Amino acid sequence: MQPPAAPATPLPQLELARRLAQRLKMKHLLLLVAIAEQRSLTRVAEQLATSQPAVTQALAELEALFGAPLFTRSSRGMAPTDLGALVQARARTLLADLDHWALDMAAVAQERAAHLQVGVIPFLPGRMLAQAIDRTRLQGRRITVTLHESTSDQLLERLRAHELDCVVGRTSAILNMDGLQHTVLYAQAPQLVAHRKLAARLARRPLDWAGLAELDWVLGPRNTPMREQITDFFLRAGVEPPPPYVESLSAKVIGELVAANERAVSIVPADIAQELVRIAGVAIVPHQFSWQLPPITLFQRKAGARYAEQQLLVQALQQVCADLPGQADRTGPNP
């Protein structure tokens, strides 16, 4: 009986870095991502418009380069080993950087300085973002920007994967801050909004949280910092949190739903409430809450190079947010 083969001796870091620089090719990166999507070398070959022997050979080159298997094979398809999952994640990051590189080149061809991918949560005032982007033009660095809207946790995952350059989101204890740094931009106060007739009735007396819980609530999705805080406030008031009759990430949709339903209410940031009064026709219930929403925060990766244009946009965001009504001096970058 043959003794089990000894595990491969890991290469020294500098030696492995040299081998990767010399032997890793674009076809290897595309292969890694394709295997993650297809889980079959036959389907990978079809996706990459090549032959299966060529795909098999490229995979053998990769596994020889790393000195260990990257995938296991079974009747359910190919699954990454621990090393394979890490290598696939790095491949996605490198390909995302190449996509950004191409966008930068297109921006330069159009006499722009660079193209930035910026993640934003839905509950941000459009004027704040517009003013920040416009300020970069005043500095003579004409950038182009793509805004990606989603929840803070989803945006931070994309930031780590190098799909985004920075994120304007909301801090929360539930967020994974691995490899990221954050800077508080400004504080948002909560504001109760309702259909105009309902808002007039609610304004005549102190808020009754048990009575509010019986109304038709329109809220953001579960597991978002703002939704978690609203739930916590009902619980601290000794009231079962109301199940929303509609959940939406869109502030505008929330405003339209509230404006159309005489029993509808929502809690949104005060600056968003002012926008919804103007664009959707909701009414603000003049009640001051004793709590604040988690602050609006800028997230960036700790490691890696940053564009001068990215720093210019960061400075513009900080300047615009510092000028917002009721904002005290904000703190600097936090670890």
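Two strands pair if DSSP finds at least two bridges between them. With that in hand, here are some close-up views of this predicted model.

**View 1. Strands β1 and β2 form a hairpin.** Strand β1 covers residues 71-74 and strand β2 covers residues 77-80, and the two pair in the antiparallel sense over four bridges. Two residues lie between β1 and β2 in this hairpin. To find your bearings, look for F71, which stands opposite P80 in β2.

**View 2. Five strands make up an open sheet with mixed pairing.**

**View 3. Strands β8 and β9 pair in the parallel sense.** L219 is a handy landmark, standing opposite E247 in β9.

**View 4. Helices α11 and α12 pack with their axes 10 Å apart.** Helix α11 is made of residues 251-260, helix α12 of residues 270-279, and the angle between them is about 55 degrees. That angle makes α11 oblique to α12. The crossing of these two helices, α11 and α12, is right-handed.

**View 5. The largest cavity holds about 180 Å³ of space.** How is empty space inside a protein found? Rolling a probe the size of a water molecule over the atoms shows where such space is left. In this model, three cavities of 30 Å³ or more are counted. The largest cavity is lined by 20 residues, and those nearest its centre are F123, R170, T224, M226 and R227.

**View 6. The lining of the largest cavity includes residues from α10 and β10.** Helix α10 (225-236) and strand β10 (264-269) each supply at least two residues of this lining. The largest share, four residues, comes from α10. By type, the lining of the largest cavity has twelve nonpolar, six polar and two charged residues.

Definitions and conventions. Residues are numbered from 1 along each chain as its sequence is written. This is a predicted model: local features need pLDDT of at least 70, side-chain atom pairs count only at pLDDT 80 or more; totals for chains, interfaces and linings use all residues. Side-chain values use heavy atoms; hydrogens and water are left out. On a 1 Å grid over the protein atoms alone, a cavity is a set of points where a 1.4 Å probe fits but cannot get out, and a pocket is an open set with protein on both sides within 12 Å along at least five of seven lines; lining residues have an atom within 4 Å of a point. Grid points are joined across faces, edges and corners, and a volume is the space filled by probe spheres set on the points. Ala, Val, Leu, Ile, Met, Phe, Trp, Tyr, Cys and Pro count as nonpolar, Asp, Glu, Lys and Arg as charged, and the others, Gly among them, as polar. Axes are lines fitted to C-alpha atoms, for helices over the stretch in contact, and angles run from 0 to 180 degrees between N-to-C directions. Angles under 35 degrees count as roughly parallel, over 145 as roughly antiparallel, 65 to 115 as roughly perpendicular and the rest as oblique. A crossing is left-handed if the near helix is turned anticlockwise from the far one by less than a right angle, and right-handed if clockwise.
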